[in-house]
Amino acid sequence: MATATEPEDAPSAPGGAKREANRKRGNEQGEGGAGGGGGGQKRKKKEVFIYGNYRNYYGYRIDRNVGEDPRLEAFNKQWFENKDCLDIGCNQGLVTIGLAMKFKCRRILGVDIDSGLIETAKWNLRRITRQDKVATKNVKAQESSNPPSQSSAGEVAPEFSNGNKHNDLFKIVSFRRENFVESLGGCSEQYDTILCLSVTKWIHLNWGDDGLVTLFVKIWRLLRPGGVFIMEPQPWTSYKRNRLVSEVAKENFNTICIYPEKFREILLDKVGFRSVELIMDRLVGAVTGFDRPIEVYHK
């Protein structure tokens, strides 16, 4: 999930000092895990992902028989082509990179609260760029070795003939660690498309209703007129499974009033989006439990 250091004037949670201490410990985990242990203890603590900042997340949400994240199949090219995009809660960056390659974004920024995941995302960007360079060279070598009458490069490898300059990925894709809810950066209109995929639950559990509304309002302010907000909300049953992941999550779960089925009303009637469309009721190729609906809001 995406969300950097807390501002000094951030309001304390209802639980007071104890709750704030729990959150600070959680932020330390977001910066790389529980860390250190005292004395000579060698027993390894079980890692708990209180922000949904799972490692190998894509591995268990996507069917192994599917080569591409099925969400990419559901998206419309016009939302991304030559557009400035933001991916909130980018995890290891594979969807962020996939969007840039498949839809030719002008630029796309992925943000996440977990610095370890951001480093992995940057590594994935370097890895994929290297692989594409090698593949492109192989295609060109095969082209030059074939007589003119034989297959063209487009027939050999169509994915490299679609006009997408993979070598420019570093100019298009970037990653940054950021606590999106609490960051104090300006909210000027600077994006055409913003994604928030399977992130709302984690913001809700960690920052409550106020945090969720802050997320929605900030997204609306960051979008240019005519911009698109793509959201994949988790159902309430998913909240129940993760409500005990931390004391903060447990307390917030018990005080939540804005349930997922009310998100649409909040976004349209309170925040100000003009329309919404449901682009997929069930994701084909997603593992059971991750075949969630995706909603597209238009500013």
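This briefing describes the sheet, the helix packing and the confidence of one predicted model. Local features need pLDDT of at least 70 and side-chain atom pairs count only at pLDDT 80 or more, while totals for chains, interfaces and linings use all residues. Residues are numbered from 1 along each chain as its sequence is written, and side-chain values use heavy atoms, with hydrogens and water left out. Helices (H or I, at least four residues) and strands (E, at least two) are DSSP runs, numbered from the N terminus.

**Confidence**
- The chain has an average pLDDT (the predictor's confidence in each residue, from 0 to 100) of 78, and 63% of the residues score at least 70.
- Residues 2-16 have a pLDDT below 50, and this stretch has 34 contacts in the model beyond near neighbours in sequence; contact means heavy atoms within 4.5 Å.
- Residues 28-39 also stay under 50, with 16 contacts beyond four places in sequence.
- Where pLDDT is low, the predicted coordinates should not be read in detail.

**The sheet**
- Seven strands form an open sheet in the order β3-β2-β1-β4-β5-β7-β6, with mixed pairing; two strands pair if DSSP finds at least two bridges between them.
- β3 (173-177) and β6 (275-280) each have a single partner strand, so one side of each of these edge strands lacks a neighbour in the sheet.
- Strands β5 (residues 223-232) and β7 (residues 294-298) run antiparallel and are joined by 4 bridges; Phe-229 has Tyr-297 in β7 as its bridge partner.
- Helix α4 (residues 94-103) packs on the sheet, touching β1 (84-88), β2 (107-112), β3 and β4 (191-197), and its direction makes about 155° with that of β3. Axes are lines fitted to C-alpha atoms, for helices over the stretch in contact, and angles run from 0 to 180 degrees between N-to-C directions.
- α8 also packs on the sheet, where it touches β1, β4 and β5.

**Helix α8 and its partners**
- The axes of α8 (residues 200-222) and α10 (residues 247-255) come within 8 Å and cross at roughly 45°. This makes α8 oblique to α10, as angles under 35 degrees count as roughly parallel, over 145 as roughly antiparallel, 65 to 115 as roughly perpendicular and the rest as oblique.
- Residues of α8 including His-204 and Trp-207 meet residues of α10, among them Val-248 and Phe-253.
- The axes of α8 and α11 (residues 263-271) come within 10 Å and cross at roughly 30°, and the two helices are therefore roughly parallel.
- Leu-212 and Phe-216 of α8 are among the residues in this contact, as are Ile-266 and Leu-267 of α11.
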